[in-house]
Amino acid sequence: MKSFFALAAAQVATSLALCATSMIASTNLAQAADLTFNWKGDAGYSASGSFSYDKTTTPAIISESGAGSTKALQSLNVSFFNPSQELIGTKNEVVNGVSSNQFFQFNFDTTTGNLFGAFDVGTGSGMGDVFLSNVEAPGRIFISPGAISYLYRNTTADNSQLLDSSTNQIKASAVPEPTTILGTLVVAMLGVALSSNRTVSKKNIT
């Protein structure tokens, strides 16, 4: 019995050490806030995306627009799907703190987790590209993200086709941090050890 407890303790200690080593190696990554967002149109189209920023240097309000170096965002990508959940377009909107879209618009409150103001992300500016926006065409009039959002496809250089729309708020959700994942792993490993202990104890009793 003692040897079992020693073995279980050694296994848990080894696993925790490996997790700790991994955590130390990714210290810089832990400083990044990673969030995701999802959108679903009334006609069945959908979009999903993710973005990240450095928590230690980013102000409470993130406001980005146009192509070039961003002020706070480190990355942002978005993918679009038709009602059959087939991928119709994807774009790495921001890569290593640089936006490649001249029409890019993004405003986010890090305190409340709400998207607000102008929002415009998409697969590019060419014909056939799709983009999710709270801009009402024609006239490029931005309206509140909580009021309505649109999914467009560029049909010509000067015209866009409305694919879908939604009155649902586009919300961002935080991805679990490494420390949270580590805590979950610890609990799981302890559970396995205790379960094995019960099994061995029952065999010894019988």
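The structure is a predicted model. Its chain contains three helices and 16 strands. Of the 206 residues in the chain, 36% are buried.

**Overall fold and surface**

- The chain has an accessible surface of about 11500 Å². Carbon and sulfur atoms contribute 57% of that surface.

**Nonpolar cores**

- The largest nonpolar core has 27 residues. Those that touch the most other members are Phe51, Leu73, Leu76, Phe106, Phe108, Phe119 and Leu132.
- At least two residues of this core come from each of strand 1 (32-40), strand 2 (46-54), strand 5 (73-81), strand 8 and strand 11 (130-133).
- Another core, of five residues, lies apart from the largest one. Its members include Val135, Ile148, Tyr150 and Tyr152.
- When residues up to four places away in sequence are not counted, Phe51 touches Ala33, Asp34, Leu35, Phe37, Leu73, Ser75, Leu76, Phe106, Phe108 and Ala172.

**The salt bridge**

- One salt bridge is found in a search of the whole structure.
- The partners are Lys91 and Glu93, whose closest N and O atoms are 3.9 Å apart. This pair qualifies because the limit for a salt bridge is 4 Å.
- Lys91 has a relative accessibility of 15%, and it therefore counts as buried, the cut-off being under 20%.
- Glu93 also counts as buried, because its relative accessibility is 0%.

**Asn107, a buried polar residue**

- Asn107 belongs to strand 8, which spans residues 105-109.
- The relative accessible area of Asn107 is 10%, so this residue is buried.
- The side chain of Asn107 reaches the backbone oxygen of Ala118 at a distance of 2.9 Å.
- With neighbours within four places in sequence left aside, Asn107 is in contact with Ile62, Ser63, Asn114, Leu115, Phe116, Gly117 and Ala118.

Methods: Residues numbered from 1 in each chain as written. Predicted model: local features only at pLDDT ≥ 70, side-chain atom pairs only at ≥ 80, totals over all residues. Heavy atoms only, no water. Helix = DSSP H or I, 4+ residues; strand = E, 2+ residues; numbered from the N terminus. Buried < 20%, exposed > 50% of the residue type's maximum accessible area, 1.4 Å probe, protein only. Polar contact = N/O pair within 3.5 Å; in protein donor to acceptor, adjacent residues only side chain to side chain. Contact = heavy atoms within 4.5 Å. Core = buried A, V, L, I, M, F, W, Y, C linked by side-chain atoms within 4.5 Å. Areas by Shrake-Rupley, 256 points an atom, 1.4 Å probe, with all protein chains shown as cover. Salt bridge = Lys/Arg side-chain N within 4 Å of Asp/Glu carboxyl O.
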